[in-house]
Amino acid sequence: MTKQTERHLSFIDLAICGIDTALRSLSTRANHAKRPTPKAESSEKTTLSETESKHSAGLMRVNHTGEVCAQALYQGQALTAKLPEIRQEMAHAAEEEIDHLVWCEKRLENLNSRPSLLNPIWYSLSFGIGATAGLISDKVSLGFVAATEEQVCKHLSHHLKSLPETDLESKAIVEQMLIDEERHGHMALQAGGYNFPAPIKSGMSAMSKVMTELAYRI
């Protein structure tokens, strides 16, 4: 989508696109990654125990839920962003996050597991937060992206340490996700995002912990 084309989209057009994205984000096998799934450097076949497989599935389910929330956040922000270039930036970031969504979904399938049953709730809440941030200002909207990505990177770093040593497939996916998320957060600040103060980030961290605990189990 070019900038010129994007400027001609009405609020209703953007809303319809948002509904389509919501349905695809919450449906399995509805999206296609532009990049291949990251592969482990070692080609050695490894077997996970039942306990390890269950733990890996829980962590990858959390990561998948995070990507569902990212789609909702970016779509909400794109809907209410003031400047066309900010809407385009949000849409582009959402497209890159689709790769993560698909990678996590496929890994869950390989682990004989499923996405979180609570994803529709998380999507709705994240969309509302994103839309509200966009209504306030583009600076706040971009700042929220940067703060969110900071929280995501913390979770991904923790997951890399917590994943079973033999689960090289999940580790390869999480490692690439971490690289991408760090870049997204840096780009949001460079684009003029507000650097949220520590108390707000602490509040966001507390909320994310509730989501991760629930997504890990349900």
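This is a predicted model: local features need pLDDT of at least 70, side-chain atom pairs count only at pLDDT 80 or more; totals for chains, interfaces and linings use all residues.
Which residues form one aromatic cluster here? Phe144, Tyr194 and Phe196 do; more on them in point 2.

1. Ground rules. Residues are numbered from 1 along each chain as its sequence is written, and side-chain values use heavy atoms, with hydrogens and water left out.

2. Aromatics. Rings of Phe, Tyr and Trp (its six-membered ring) pair if their centres lie within 6.5 Å; planes under 30 degrees apart are stacked, over 60 edge-to-face, and the rest tilted. That rule gives 2 aromatic pairs. One of them is tilted: tyrosine 194 with phenylalanine 196, at 5.6 Å centre to centre and 55° between the planes. Phenylalanine 196 is buried at 9% relative accessibility, whereas tyrosine 194 is partly exposed at 37%. The cut-offs for those words are under 20% relative accessible area for buried, over 50% for exposed, and partly exposed in between (1.4 Å probe, protein chains only).

3. A nonpolar core is a set of buried Ala, Val, Leu, Ile, Met, Phe, Trp, Tyr and Cys residues joined through side-chain atoms within 4.5 Å. The largest one has 15 residues, and Met60, Leu156, Ile173, Val174, Met177 and Leu178 touch the most other members. Helix H3 (50-80), H4, helix H6 (138-162) and helix H7 (168-190) each put in at least two residues, with H7 giving the most, at 4. Helices here are DSSP runs (H or I, at least four residues; strands are E, at least two), numbered from the N terminus.

4. Beyond its neighbours within four places in sequence, valine 174 is in contact (heavy atoms within 4.5 Å) with Met60, Asn63, Leu156, Leu160 and Leu163.

5. Salt bridge at Asp180. Taking a side-chain nitrogen of Lys or Arg within 4 Å of a carboxyl oxygen of Asp or Glu as a salt bridge, the count is 8. Aspartate 180 pairs with arginine 35, the closest N and O atoms being 2.8 Å apart. The aspartate sits in helix H7 and arginine 35 in the loop between helix H2 (11-25) and H3, so this pair ties together parts 145 residues apart in sequence. Aspartate 180 is buried at 2%; arginine 35 is partly exposed at 29%.

6. Arginine 107, with two partners. Aspartate 167 forms a salt bridge with arginine 107, at 2.7 Å between the closest N and O atoms. Aspartate 167 is in the loop between H6 and H7 and arginine 107 in helix H4, so the pair ties together parts 60 residues apart in sequence. Both ends are buried: aspartate 167 at 0%, arginine 107 at 9%. Arginine 107 also meets glutamate 169 in a salt bridge (3.8 Å, N to O), and that links helix H4 to helix H7, 62 residues apart. Glutamate 169 is partly exposed, at 34%. Elsewhere, salt bridges that share partners join Arg35, Asp99, Asp180 and Arg183 into one network.
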